[in-house]
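Thank you all for making the time this morning.

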Amino acid sequence: MTSTEPTAAPAVLRLKPGRDRSLRRRHPWVFSGAVARVEGPADASVADIVAADGVWLGRGLRHPTAELAARVLSWDRDAALDDAWIGRLIERALRRREETLAARAPARPTDAWRLVFAEGDGLSGLIVDRYADRLVVKVHARAWLPFLPGAIARLRGLTGARAVHVMAEPDAVRREGLAPEAVAALSDPIAPPIRIREDGLRFEADPLSGQKTGFFLDQRENRARVAAWARGRRVLSVYCYTGAFEVHAARAGAAEILGIDSSAPALERARRHHELNATACPVEYRKADGPEALRRLEAEGRAFDLIVLDPPRFVFGRAQMARGLRAYKDINRLAMKLLTPGGILATFSCSGLVSHEEFAALLGWAALDANREARVLEWLGQPFDHPILSTVPETAYLKGAICRVDPA
C-alpha cells in the first residue's frame, strides 16, 4: 500500500440545509444523513465539506458507504490533506505531550502514554499509544487506510520506536468493513506482553489480546488518586481487568483486596502483576459478573472500606442511554450498600455520551435507593495525554468520583 498524495481533486459533500451547525462549531464529524449530494471523483479519499449555502466548511477523510461519511482534519481551505499535513498534526500532538510533561514536575516514572488521541488531537479516527519502546496504532475508520503508511513512517521518525503494531477497532470492522488484515499488514512482528512502568510499578500490556490497545492508560493518574485512600482498608475492585488499581492499592498499604472480573485471562494477568511488584497485601481474585458478584457479597454479609467500580462502557448510542444509566445506577447502589460507614467509593464511567451532570445525578439516585448519603470528595477525569477538545464534547469521555458514603 502506498501513501496518498493530492494528485486528484477531492470529492465535495454538499450538506442539507440546517445540517451544518456542528461543522461551523468545528466538530469534525459529518454523518451520511446530513449529506444532500456528492460531487467529484467517486473514489476520492479526501472530501471538501460545503454547506447548503455554498460556504466551505472543512476538508476531511471520506468513506462513501459509512454512516460517518467524513472526518474533518483541516479547517484551512488552502491546506492539502496529504501525508505532509497529517505528519504535521502528529508532530504537534507529540510536542504537546512533551511540553506538558516538561511543565509537570516532578514527573512520575512512567513510560506508557497516549501520543495521539483521535479528535482530541485533530486526528479523528486515529489512536497511538506508546508502550516503552513500541507503539500501538489503533484505526477507527476505513478512510485512514491510504494514509496509514505515511502516518506510521512519521511516527517512527519522531519517536524512534523499535516496533509499531497496527490494529483495527472492532467497531470499524463491523460498521465500515475495515479489513483487519489490511491494517495488520502494516505491523512489525510483536511478541507481547510488553513490560511497562507506571508510577514506579511494573505492568504488562498485551495489544494482541487485551482491551483497548493492551492496557488502560486513561486511568493512570486516577489509580494513584484512589490508592491514596487504601492504607489499612479492605478493598473491593469490581471490573478489575488486569489488576492495576489493586496493585497501586497494595503498595499504598491496603489491608486486604478482592478483585472481580468476568475474564479469566485478565485475572491471571492481575495475579501476575502482583508477582511482578512483590506486593505483600493478601489478594483474592474471583471470576464473576459485576452486578451478580455485588449481590452475592451482600448476601454473604461482606463489607468493605474502599470499593472501586471501573465498568466497561454501558452506553454505545442514544438508544441505549436509559438502559445504560440504569446499569450505572444499579452497580453504584449495590456498592454503596457494601461499604462500611464512612467508606470510600471510587466510581467511573467511560461512556462518552454520558455527561458529567448525568453521572452526578445517577450517583444521587443510587444513594437514595441504597438509603445512604454520598458526598463527592473529588471529581476525576482523564489524564493530560487524553486531551479534551472544547468543541468536541465526546472527547470528555472518562469521568469519575471519589465519594464518602455514610448511613442516611
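Predicted model: local features only at pLDDT ≥ 70, side-chain atom pairs only at ≥ 80, totals over all residues.

Residues are numbered from 1 along each chain as its sequence is written, and side-chain values use heavy atoms, with hydrogens and water left out.

Asp199 sits in the loop between strand 11 (194-198) and strand 12 (201-205); helices (H or I, at least four residues) and strands (E, at least two) are DSSP runs, numbered from the N terminus. Is Asp199 buried or exposed? Asp199 counts as buried because its relative accessibility is 13%, given that buried means under 20% relative accessible area, exposed over 50%, and partly exposed in between, with a 1.4 Å probe and protein chains only.

Strand 2 pairs with strand 6 (residues 68-74) in the antiparallel sense, over three bridges, and Val30 has Ala70 in strand 6 as its bridge partner.

An open sheet of four strands, again with mixed pairing, has the order 7-8-9-10. Strand 7 (112-117) and strand 10 (163-168) stand at its edges with a single partner strand each, so one side of each is left without a neighbour in the sheet. Here the neighbouring strands are turned by 20° against each other on average, direction ignored. Within this sheet, strand 8 (residues 126-131) and strand 9 (residues 134-139) run antiparallel and are joined by six bridges, with Asp129 having Val136 in strand 9 as its bridge partner.

Elsewhere, strand 13 (residues 234-238) runs parallel to strand 14 and is joined to it by five bridges, and Ser237 stands opposite Gly259 in strand 14. Strand 14 (residues 256-261) is mostly covered, with five of its six residues buried.

Let me turn to helix 7, where seven of the eight residues are buried, so the helix is largely enclosed by the rest of the structure. The buried residues of helix 7 are Ala244, Phe245, Glu246, Val247, His248, Ala249 and Ala250. After the helix comes Gly253, whose phi is positive, near 105°.

On a 1 Å grid over the protein atoms alone, a cavity is a set of points where a 1.4 Å probe fits but cannot get out, whereas a pocket is an open set with protein on both sides within 12 Å along at least five of seven lines, and lining residues have an atom within 4 Å of a point. How many cavities of 30 Å³ or more are there by this rule? The count comes to three.

The largest cavity has a volume of about 100 Å³, where grid points are joined across faces, edges and corners and a volume is the space filled by probe spheres set on the points. Its lining has 13 residues, of which Phe216, Arg223, Cys240, Tyr241 and Ala244 lie nearest its centre, and helix 7 (residues 244-251) gives the most to that lining, with three residues.

The second largest cavity holds about 40 Å³ of space, and Phe245, Glu246 and Ala249 are among the residues that line it, as is Ser237. Helix 7 again supplies the largest share of the lining of the second largest cavity, three residues.

Finally, the second largest pocket holds about 300 Å³ of space. It is lined by 18 residues, of which Trp75, Glu119, Asp121, Gly122 and Leu389 lie nearest its centre, and helix 2 gives the most to this lining, with four residues.

Terms used:
Pairing = 2+ DSSP bridges. Axes fitted to C-alpha atoms, helices over the stretch in contact; angles between N-to-C directions.
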